[in-house]
Amino acid sequence: MDQTLAERVREVQSVDADAFAQQAAQDAEVVKSLLREGAFDNHRSVVGMEYEFYAAADGRWAENEATDGTLMRVPRRLFDLIDFEKELGLHNAEMTTSPQPFNSYGMAAQAAEIRSHLQNARDCTKAEGMRLVSDGIWTIPPAGETAREYLTDSVVDDGVRVAVNMSDAVRYHAMSNSGAFDPPLTVDAPNVDIESDTVMPESLITSIQPHYQMSRAADLPRHHTYALRVAGPLLALGVNAPFFPPDLYENGVDPETIFDEAYMEHRILVFESVLNTDGAEKVAFPSDLDTVEEAVDRIAGDDVVVPIPTDDEDGDRFDDQFPTFRAKHGTYWRWVRPVFGGSTRSDANARIEFRPLPGQPTVKDTVSFLAAFAGLMQQLPRHGHPVADLDWDDAESNFYDAMRAGLDADLNWITTHGEPTTDLDELYDDLLANASAGLQSAGCSEAAAEEYLAPLRYRVENRVTPASWKLDRARERYDDGESFADAVQNTKREYVHQQRETLLQGAFQHWE
C-alpha cells in the first residue's frame with residue numbers, strides 16, 4: 001500500500017542526519033575520483049533551461065473580471081499531458097528542456113522546444129479555463145481566497161504539519177517539520193507582513209534557470225567566477241517582481257510608501273528569507289571557487305536540513321554511484337550553483353546553473369537571457385576578460401543593488417580593455433558585445449547573435465524592465481483613482497493579457 005504524505009515525511013525525519021552527512025562526504029570522494037578520471041569531461045559545451053510557471057484563470061468563463069488572472073491549482077492529471085513537472089505549489093508547473101550542444105542549431109532547438117511545449121500546454125490547459133503565466137511573483141490569489149489564506153493554510157496529519165496548497169514534494173513538507181525551520185517563517189521584504197508555519201510562501205516566486213555545461217570540468221571554477229560577475233548586470237536587466245499580493249502588505253502602510261520602497265526583484269528576498277535559517281544560510285550569493293574539488297566539498301559539506309533517504313542498492317544511472325551527494329544537492333541553493341550529474345557516463349557533466357532570473361514576459365525574452373548567459377560563459381573565460389578581477393564584494397553588491405533598483409542600480413564593471421566603469425551604457429556595451437562574440441564563436445551568425453540579444457539591448461537603451469513597466473503602470477492606475485489593490489491586480493491582468501498575445505512569438509519590447 002502506498003505511503004501517506006505524513007508517513008513519507010516521518011521517513012525523512014527518521015534518517016540520521018549525521019550518517020547522511022557522512023555518506024554525502026564519502027560520495028563526494030567518489031565524485032572527485034571520477035573528476036580525476038575525466039568522467040565529467042566532454043568535447044563540447046551544452047546548454048539547457050529550467051522554466052517555471054504559475055497557472056492563472058484565463059477569464060473566458062467569468063461574467064466579469066473578478067476571476068480573470070486569478071491563481072489556479074493545476075489538476076495533477078495535466079502534468080502527464082503537458083510533460084511538465086510539479087513544483088512547490090499546487091499552482092506551479094516547470095518545464096525542463098533537453099540539453100543541446102551550444103551551437104547555432106542547439107540554440108534554435110532550445111527556442112523551438114520551449115515554444116513546442118508551451119503550445120501543447122496551452123492546448124491542454126485551455127479546456128480547464130487556465131493559462132500558464134511566465135512571471136516573477138503572482139499577485140492575484142485564487143478566486144474567493146486571500147493570498148494569506150492560500151499561503152498559510154495547513155493541517156496536522158498524524159503529527160505532521162502539511163501545507164494544504166503545497167504539492168506532495170516530500171522535501172518541502174519535511175523542511176516545514178524540521179527543527180531547522182522553526183515557525184513562524186516570515187518574508188523579509190519592505191512593508192510586507194506574512195507569517196507561515198510552512199515554507200509555502202516560497203511558492204510566490206517563479207524563475208528561469210539557464211544551464212551551461214563546460215567541456216572540461218576543471219574549468220568550472222573559472223566559469224563560476226565569471227557567472228558571479230555577470231549575475232548583477234543580468235539580474236538588473238531581468239527584474240520582474242516589484243509587488244506582492246496586496247493583502248500581504250502591513251496594515252495601514254501608505255501606498256506611496258510601497259511604490260517608493262518597492263524592490264524590483266522581490267523574488268530574491270522571498271527565497272532567502274523563507275529558506276534560510278539562523279543556523280544555515282542555504283540561499284546566498286556564493287563565494288569564488290579555487291578548484292572544482294572545492295565545489296564538490298561545498299555541496300557535501302552544506303548544512304543538512306532535509307536528509308532525503310536514498311536507495312542503498314546500486315541503480316542503473318551513472319550518478320547512482322553517488323546518490324546521497326545527489327540528494328544533498330537538492331537542498332544546496334545558491335544563486336550560482338555548480339551541478340555534477342548525468343544518467344549515463346557519456347552524459348555525465350559538470351555545469352553551472354544560473355538561478356537569479358525571474359520568469360520573463362515572452363519566450364523571446366527568456367531565450368535572450370539563455371543566449372546572453374551561454375555567450376558570456378563561452379567568451380569571457382576563453383579570452384580572460386578582465387572582469388574576473390572585479391572584487392567579489394563588488395560583484396555581491398552589484399547583485400543586491402540590482403535586486404533593489406534594476407537598471408537604476410549602481411553597478412561596477414571592468415571592460416574588455418581593463419577599464420573600471422560604473423557607466424551603465426559602457427557596462428552593457430561591453431557585456432552584450434562579449435555575449436554576441438561568444439554566440440558567434442559557438443557557430444551563430446552575427447545577425448542571429450544580435451537577434452537573440454535584441455530584447456536585452458532594448459531594455460538598456462530604453463531603461464525599461466518588466467518590473468519598471470509594472471511599477472509605472474500600477475502607479476498610474478493609483479494616481480487615476482484606483483485603490484492600491486486594484487492598481488496592482490489590474491496591472492497584473494494587463495501583464496497576463498499582453499503575454500497571452502505575445503508569449504510564443506512576440507517580445508516585451510512590443511508591449512504598448
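**A first look at the predicted fold**

At 38% relative accessibility, R463 counts as partly exposed, where buried means under 20% relative accessible area, exposed means over 50% and partly exposed lies in between, with a 1.4 Å probe and protein chains only. R463 sits in the loop between helix 15 (446-462) and helix 16 (466-479), and its phi is near 50°, a positive value in a residue other than glycine. The structure is a predicted model, in which local features need pLDDT of at least 70 and side-chain atom pairs count only at pLDDT 80 or more, while totals for chains, interfaces and linings use all residues. Residues are numbered from 1 along each chain as its sequence is written, and side-chain values use heavy atoms, with hydrogens and water left out.

D83 also has a positive phi in a residue other than glycine, near 60°. The place of D83 is the loop between helix 3 (78-82) and strand 2 (85-86), and with a relative accessibility of 53% D83 counts as exposed.

Turning to the whole protein, 17 helices and 14 strands are found; these are DSSP runs numbered from the N terminus, with helices (H or I) of at least four residues and strands (E) of at least two. The radius of gyration is 22 Å, close to the 24 Å that the globule rule gives for 512 residues, so the protein is as compact as a globular protein of that length. That radius is taken over C-alpha atoms, and the rule is 2.2 Å times the number of residues to the power 0.38. Along the principal axes, the C-alpha atoms fill a box of roughly 65 × 60 × 40 Å.

Of the 512 residues, 59% count as buried. Among contacts with a separation of 6 or more, 77% come from residues 24 or more positions apart, a contact being heavy atoms within 4.5 Å. The accessible surface comes to about 19700 Å², and 42% of it belongs to carbon and sulfur atoms; these areas come from the Shrake-Rupley method with a 1.4 Å probe.

A search of the whole structure finds 26 aromatic pairs. Rings of Phe, Tyr and Trp (its six-membered ring) pair if their centres lie within 6.5 Å, and planes under 30 degrees apart count as stacked, over 60 as edge-to-face and the rest as tilted. Y249 and F484 form an edge-to-face pair, 5.5 Å centre to centre with 80° between the planes. This pair links distant parts of the chain, 235 residues apart: Y249 is in the loop between helix 7 (220-238) and helix 8 (255-261), and F484 is in helix 17 (residues 484-502). Y249 counts as buried at 6% relative accessibility, and F484 is buried with a relative accessible area of 11%.

For F285 and W392, the ring centres are 5.8 Å apart and the planes stand at 50°, so the pair is tilted. F285 lies in the loop between helix 9 (267-275) and helix 10 (292-301) and W392 in helix 13 (residues 392-405), so the pair ties together parts that are 107 residues apart in sequence. F285 is buried at 5% relative accessibility, whereas W392 is partly exposed at 22%. Both residues belong to a cluster joined by ring pairs, whose members are F271, F285, W333, W335, W392, F399 and Y400.

Helix 13 also holds D393, which is partly exposed with a relative accessible area of 48%.
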